[in-house]
Amino acid sequence: SSGFILDANDNKLRYGPHIDGSYRNVFSNNNYIVGKEYTIAGTYDGQTVKLFVDGVQQSATFNISGSITLNNNIPILIGADPDGSGLPTAVYDGSVVVSQLYIFNRALSAAEISTYYNTNIISNKNGLVAQYDFNEGSGNILNDSVGNNDGTIYTPNWKLSGMSNNIDNDFLTNIYQAANTKFSYRYRLISDSNELAGTTYNFSYTGNYQTFVAPVTGTYKIELWGASGGNARITNTTTIVERSGGRGSYTSGQITLNQGETLTIHVGEKGANQKSLEPLTVSTGGYNGGGIGGIEIDGEHSPEAGAGGGGATDIRLVSGAWNNNDSLRSRIMVASGGGGATSHLTSHFESYGGNAGGLTSYTNSTFTTIATQTSGYALGIGKDGYNGKETGNYGPYGGAGSGYYGGTWTVENTTTSTAQGGAGGSSFISGHPGCNAINSSGIHTGQPNHYSGYVFSNTMMIDGNSLMPSPVGNLSHGHNGHGHARITLINAD
């Protein structure tokens with residue numbers, strides 16, 4: 001036990017130097033994606049262990065003092081773990097492509113790592129003790145271009161992969177070890193295309209967009225679940241009624257992607273539940289377009305409020321903020337979110353949140369309005385709930401669910417004390433019958449195919465009022481909770 005680890009563990013990237021008797025591991029924020037190229041840097045400056053992925057420091061750190069444990073009789077291995085004699089064990093039996101490897105005897109700064117990732121240039125080579133460029137192209141020696149720490153390659157399999165000459169599925173030995181080293185190598189996980197068939201990639205709610213890079217050219221099945229609206233409490237109590245928020249929808253379809261094509265994924269967040277009695281607090285809408293729950297703006301007694309609307313889950317071709325217009329217009333599949341509930345749940349069905357829709361959505365209220373293929377509050381945005389007035393005894397509304405179009409309301413409540421649940425959003429799949437796609441300017445075309453040319457086959461659209469597959473493998477009536485996305489490679493070309 002010495003040196004450091006830089007590997008993939010439990011679907012995340014890991015860096016862990018051995019300090020004071022243990023490996024002090026830090027992990028990447030997100031799961032790695034098979035087929036995607038990463039630049040990884042691990043640093044230890046004598047106080048803090050840090051991991052950088054593609055130039056960005058990951059949130060997890062490990063604070064500890066001391067030196068990295070050294071054993072100069074044990075070599076560094078790539079693609080294997082050395083045993084006590086330095087022989088390789090746990091040899092990686094997949095396929096990893098390595099393009100560059102640098103070892104420093106100092107910890108690089110965040111700025112240096114970011115610059116290297118963006119320019120592939122190391123401006124300050126002070127402390128660089130080994131550099132491997134994997135460009136020999138033949139033989140079993142990996143040359144150290146800055147020192148005398150050449151490595152030995154076992155059963156070499158040199159490849160040209162578009163990054164440079166690379167070594168595949170092997171390990172090297174006899175590399176220098178030093179205290180407080182920085183270790184970085186760029187790699188790409190690959191495998192035989194046929195072996196990847198059936199591989200599933202899951203994406204949970206994170207509060208930001210995520211990306212999927214197709215590892216091979218082939219047919220992929222994409223499944224999305226929209227988030228549910230927030231739940232509400234029984235009037236004048238703190239008892240939350242589960243599943244009183246509108247439930248999310250389900251969409252799926254198959255599409256052909258070329259190797260390296262990138263999709264952007266926004267996974268919706270469940271709307272916030274209605275808050276407790278006093279003090280009255282706004283319930284936020286779920287990430288990716290859920291509307292905020294309304295409140296009683298001049299509450300005199302027994303204040304009521306609406307829960308937040310659920311966020312949609314979608315696949316886009318343009319990355320960036322969820323509410324960027326170009327990004328919203330680039331959506332090729334959308335699973336809508338449910339509306340937020342409000343109080344009076346024990347006796348008034350209209351206080352329940354409307355379920356997310358397929359082509360059109362649901363509402364339980366005469367005051368809130370459904371979303372369709374061409375109308376709603378806005379493209380990708382559910383409307384915030386109406387703020388009720390206690391003096392007139394007019395109840396507020398729950399936040400509307402997001403979707404292709406978000407749910408909305410157009411009539412203020414001036415006739416009833418009953419608080420009203422928010423409407424759900426509508427869903428969309430490029431190529432699905434009945435969908436109404438837009439052009440790049442946001443104008444509806446009257447046909448289902450997205451302007452990008454990305455069109456799904458074998459589509460399925462299930463509203464939140466119906467029985468659907470769940471992300472965990474069973475069946476459920478609508479989707480409850482945060483949204484989810486799943487991409488499965490059906491077959492490789």
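Begin by selecting Tyr102 and Tyr116, where Tyr102 is buried and so is Tyr116, buried meaning under 20% relative accessible area, exposed over 50% and partly exposed in between, with a 1.4 Å probe and protein chains only. What you have open is a predicted model, in which local features need pLDDT of at least 70 and side-chain atom pairs count only at pLDDT 80 or more, while totals for chains, interfaces and linings use all residues. Residues are numbered from 1 along each chain as its sequence is written, and side-chain values use heavy atoms, with hydrogens and water left out.

**Aromatic rings**

The structure holds eleven aromatic pairs, a pair being two rings of Phe, Tyr or Trp (its six-membered ring) with centres within 6.5 Å, counted as stacked if the planes are under 30 degrees apart, as edge-to-face if over 60 and as tilted for the rest. With Tyr102 and Tyr116 still selected, note that their ring centres are 5.6 Å apart and their planes stand at 80°, so this pair is edge-to-face. The pair links distant parts of the chain, since Tyr102 belongs to strand β11 (residues 95-104) and Tyr116 to helix α1 (residues 110-119), 14 residues apart; helices (H or I, at least four residues) and strands (E, at least two) are DSSP runs, numbered from the N terminus.

Next select Tyr386 and Tyr397, whose ring centres lie 4.9 Å apart with planes at 45°, so that the pair is tilted. Both residues sit in the loop between β26 (368-369) and β27 (408-409), eleven residues apart, and this pair also links distant parts of the chain. Tyr386 counts as buried at 5% relative accessibility, and Tyr397 is buried with a relative accessible area of 0%.

Then select Tyr201, Phe212 and Tyr220, which form one aromatic cluster. After that, turn to Trp409, where Lys383 lies over the face of the ring at 3.9 Å from its centre; a charge sits over a ring if NZ of Lys or CZ of Arg is within 6 Å of the ring centre and within 35 degrees of the ring normal.

**Charged side chains**

A search of the whole structure finds five salt bridges, each being a side-chain nitrogen of Lys or Arg within 4 Å of a carboxyl oxygen of Asp or Glu. Select Arg106 and Glu112 to see one of them, in which the side chains meet at 3.0 Å, N to O; Arg106 is buried, with a relative accessible area of 17%.

Move on to Arg316 and Asp314, which form a salt bridge with the closest N and O atoms 2.7 Å apart. Arg316 counts as buried at 0% relative accessibility, and Asp314 is buried with a relative accessible area of 0%.

Now select Lys221 and Glu223, whose closest N and O atoms are 4.0 Å apart in their salt bridge. Lys221 is partly exposed, at a relative accessible area of 28%, whereas Glu223 is buried at 8%.

**An open sheet**

Finish with the five strands that form an open sheet in the order β19-β32-β21-β22-β29, with antiparallel pairing; two strands pair if DSSP finds at least two bridges between them. The edge strands are β19 (200-204) and β29 (457-462), each of which pairs on one side only. Select β19 together with strand β32 (residues 484-492), and you can follow their antiparallel pairing over five bridges, among them the one in which Ser204 has His484 of β32 as its bridge partner.
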